[in-house]
Amino acid sequence: MKILLAIDGSKYSDAAVDEILQRPWPEESQVRVVTALEYPVATGTPMMRGAEVWALPPEYFEEVETAIREGAEALIRTAVERLGSAKGLEVSSEILTGSPKRVIIEAAEAWGADLIVVGSRGLGGWSRFLLGSVSLAVASHARCSVLIARHPSDSDED
(Lines give C-alpha, C1' and ligand atoms only; values in the text may rest on other atoms or scores of the structure.)
Protein backbone atom coordinates (compact mmCIF):
# COMPACT_ATOMS: atom_id res chain seq x y z
CA MET A 1 0.00 0.00 0.00
CA LYS A 2 1.25 3.49 -0.85
CA ILE A 3 0.42 6.13 1.77
CA LEU A 4 1.11 9.82 1.16
CA LEU A 5 1.39 11.68 4.47
CA ALA A 6 1.10 15.47 4.15
CA ILE A 7 2.40 17.45 7.13
CA ASP A 8 2.79 21.11 8.04
CA GLY A 9 4.34 21.05 11.50
CA SER A 10 1.10 21.65 13.36
CA LYS A 11 -0.39 19.51 16.12
CA TYR A 12 -2.85 18.34 13.47
CA SER A 13 -0.13 16.89 11.28
CA ASP A 14 1.33 15.26 14.42
CA ALA A 15 -2.08 13.57 14.78
CA ALA A 16 -1.76 12.36 11.16
CA VAL A 17 1.65 10.83 11.95
CA ASP A 18 0.10 9.20 15.04
CA GLU A 19 -2.67 7.69 12.88
CA ILE A 20 -0.08 6.00 10.71
CA LEU A 21 1.84 4.73 13.73
CA GLN A 22 -1.30 3.35 15.42
CA ARG A 23 -2.72 1.39 12.50
CA PRO A 24 -1.67 -1.97 11.16
CA TRP A 25 -0.55 -1.75 7.53
CA PRO A 26 0.04 -4.50 4.99
CA GLU A 27 3.60 -5.80 4.79
CA GLU A 28 5.93 -3.66 2.69
CA SER A 29 3.65 -0.61 2.80
CA GLN A 30 5.30 2.61 1.71
CA VAL A 31 4.84 6.00 3.35
CA ARG A 32 5.93 9.14 1.54
CA VAL A 33 6.07 12.13 3.88
CA VAL A 34 5.56 15.45 2.08
CA THR A 35 5.30 19.07 3.05
CA ALA A 36 4.49 21.98 0.78
CA LEU A 37 6.43 25.22 0.71
CA GLU A 38 4.29 28.10 -0.38
CA TYR A 39 6.32 31.25 -0.76
CA PRO A 40 4.52 34.60 -1.03
CA VAL A 41 4.08 35.12 -4.76
CA ALA A 42 3.06 37.83 -7.16
CA THR A 43 3.42 36.32 -10.60
CA GLY A 44 4.27 32.71 -9.90
CA THR A 45 7.86 33.32 -8.79
CA PRO A 46 9.08 32.98 -5.22
CA MET A 47 8.97 36.17 -3.17
CA MET A 48 8.01 39.26 -5.09
CA ARG A 49 11.07 41.44 -5.49
CA GLY A 50 10.61 45.12 -6.18
CA ALA A 51 12.78 47.77 -7.78
CA GLU A 52 11.42 50.49 -5.53
CA VAL A 53 13.88 52.49 -3.45
CA TRP A 54 12.19 51.30 -0.26
CA ALA A 55 12.22 47.63 -1.26
CA LEU A 56 14.17 45.14 0.81
CA PRO A 57 17.46 43.88 -0.66
CA PRO A 58 17.44 40.58 -2.60
CA GLU A 59 19.59 38.98 0.12
CA TYR A 60 16.70 39.37 2.56
CA PHE A 61 14.40 37.30 0.35
CA GLU A 62 17.08 34.68 -0.21
CA GLU A 63 17.54 34.37 3.56
CA VAL A 64 13.79 34.02 4.10
CA GLU A 65 13.54 31.34 1.40
CA THR A 66 16.51 29.48 2.93
CA ALA A 67 14.96 29.64 6.41
CA ILE A 68 11.63 28.32 5.09
CA ARG A 69 13.36 25.42 3.30
CA GLU A 70 15.50 24.56 6.36
CA GLY A 71 12.37 24.53 8.52
CA ALA A 72 10.67 22.18 6.06
CA GLU A 73 13.70 19.88 6.05
CA ALA A 74 13.68 19.71 9.87
CA LEU A 75 9.93 19.04 9.87
CA ILE A 76 10.30 16.18 7.38
CA ARG A 77 13.29 14.74 9.23
CA THR A 78 11.34 14.63 12.52
CA ALA A 79 8.36 12.85 10.93
CA VAL A 80 10.58 10.34 9.13
CA GLU A 81 12.40 9.57 12.39
CA ARG A 82 9.07 8.99 14.18
CA LEU A 83 7.83 6.72 11.41
CA GLY A 84 11.12 4.82 11.36
CA SER A 85 10.01 3.00 14.51
CA ALA A 86 7.08 1.37 12.70
CA LYS A 87 7.71 -2.18 11.54
CA GLY A 88 7.16 -3.02 7.91
CA LEU A 89 6.93 0.57 6.65
CA GLU A 90 9.27 1.87 3.98
CA VAL A 91 9.51 5.63 4.55
CA SER A 92 10.61 8.29 2.06
CA SER A 93 10.12 12.04 1.93
CA GLU A 94 9.80 14.98 -0.43
CA ILE A 95 9.52 18.74 -0.13
CA LEU A 96 7.03 20.16 -2.61
CA THR A 97 6.71 23.76 -3.75
CA GLY A 98 3.35 25.36 -4.41
CA SER A 99 -0.16 25.54 -3.04
CA PRO A 100 -0.61 22.63 -0.60
CA LYS A 101 -4.10 21.92 -1.92
CA ARG A 102 -2.75 21.42 -5.43
CA VAL A 103 0.66 19.83 -4.86
CA ILE A 104 -0.57 17.19 -2.39
CA ILE A 105 -3.11 15.93 -4.91
CA GLU A 106 -0.60 16.08 -7.77
CA ALA A 107 2.05 14.22 -5.75
CA ALA A 108 -0.43 11.51 -4.78
CA GLU A 109 -1.48 11.01 -8.40
CA ALA A 110 2.07 11.02 -9.75
CA TRP A 111 3.24 8.49 -7.13
CA GLY A 112 0.13 6.31 -7.41
CA ALA A 113 -0.88 6.69 -3.76
CA ASP A 114 -3.62 4.43 -2.40
CA LEU A 115 -4.26 6.70 0.57
CA ILE A 116 -3.56 10.31 1.54
CA VAL A 117 -3.31 11.10 5.26
CA VAL A 118 -3.65 14.74 6.35
CA GLY A 119 -4.42 16.50 9.58
CA SER A 120 -7.52 18.58 10.07
CA ARG A 121 -7.14 22.08 11.42
CA GLY A 122 -10.59 21.80 12.93
CA LEU A 123 -11.78 25.08 11.48
CA GLY A 124 -15.40 25.97 12.13
CA GLY A 125 -17.80 26.43 9.23
CA TRP A 126 -17.31 30.18 8.81
CA SER A 127 -13.51 30.05 9.11
CA ARG A 128 -13.37 27.14 6.68
CA PHE A 129 -15.48 29.13 4.21
CA LEU A 130 -13.25 32.20 4.46
CA LEU A 131 -9.85 30.53 4.65
CA GLY A 132 -10.41 27.33 2.76
CA SER A 133 -9.27 23.98 4.04
CA VAL A 134 -6.42 21.92 2.67
CA SER A 135 -7.90 18.70 4.07
CA LEU A 136 -11.32 19.47 2.58
CA ALA A 137 -9.80 20.28 -0.82
CA VAL A 138 -7.72 17.11 -0.78
CA ALA A 139 -10.70 14.97 0.26
CA SER A 140 -12.87 16.56 -2.42
CA HIS A 141 -10.44 16.25 -5.32
CA ALA A 142 -8.14 13.28 -4.64
CA ARG A 143 -8.55 10.20 -6.80
CA CYS A 144 -7.70 7.91 -3.90
CA SER A 145 -8.96 7.51 -0.35
CA VAL A 146 -8.22 10.27 2.16
CA LEU A 147 -7.88 9.92 5.93
CA ILE A 148 -8.30 13.20 7.81
CA ALA A 149 -6.82 12.92 11.30
CA ARG A 150 -8.24 15.08 14.07
CA HIS A 151 -6.23 16.15 17.08
CA PRO A 152 -7.60 14.65 20.32
CA SER A 153 -8.00 18.08 21.93
CA ASP A 154 -10.31 19.36 19.17
CA SER A 155 -13.89 19.95 20.15
CA ASP A 156 -16.83 18.98 18.00
CA GLU A 157 -17.98 22.57 17.67
CA ASP A 158 -18.41 24.16 14.26
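In this predicted model, a polar atom of the Ser133 side chain lies 3.1 Å from the backbone nitrogen of Leu136. Ser133 is placed in the loop between helix H4 (125-131) and helix H5 (134-141).

**Ser133 and its surroundings**
- The relative accessible area of Ser133 is 15%, so this residue is buried, the limit being under 20%.
- A polar contact of 3.1 Å joins the side chain of Ser133 to the side chain of Ser135.

**Nonpolar cores**
- The largest nonpolar core has 19 residues, of which Leu5, Ile20, Val31, Val33 and Val117 touch the most other members.
- At least two residues of this core come from each of strand E1 (2-6), helix H1 (11-22), strand E2 (29-37), helix H2 (58-83), strand E4 (115-119) and strand E5 (145-149).
- H1 gives the largest share of this core, with 4 residues.
- Another core, of 15 residues, lies apart from the largest one and includes Val103, Ala113, Ile116 and Val118.
- Leaving aside residues up to four places away in sequence, Val31 touches Ile3, Leu5, Ile20, Leu83, Leu89, Glu90, Val91, Ser92 and Trp111.

**Helix H1**
- The 12 residues of H1 reach 16 Å from the first C-alpha to the last, which is close to the 16 Å expected at 1.5 Å a residue.
- Tyr12, Ser13, Ala15, Ala16, Val17 and Ile20 are the buried residues of H1.
- These buried residues of H1 pack against E1, E2, H2, strand E3 (89-97), E4 and E5.

Conventions: Residues numbered from 1 in each chain as written. Predicted model: local features only at pLDDT ≥ 70, side-chain atom pairs only at ≥ 80, totals over all residues. Heavy atoms only, no water. Core = buried A, V, L, I, M, F, W, Y, C linked by side-chain atoms within 4.5 Å. Buried < 20%, exposed > 50% of the residue type's maximum accessible area, 1.4 Å probe, protein only. Contact = heavy atoms within 4.5 Å. Polar contact = N/O pair within 3.5 Å; in protein donor to acceptor, adjacent residues only side chain to side chain. Expected span 1.5 Å × (residues − 1).
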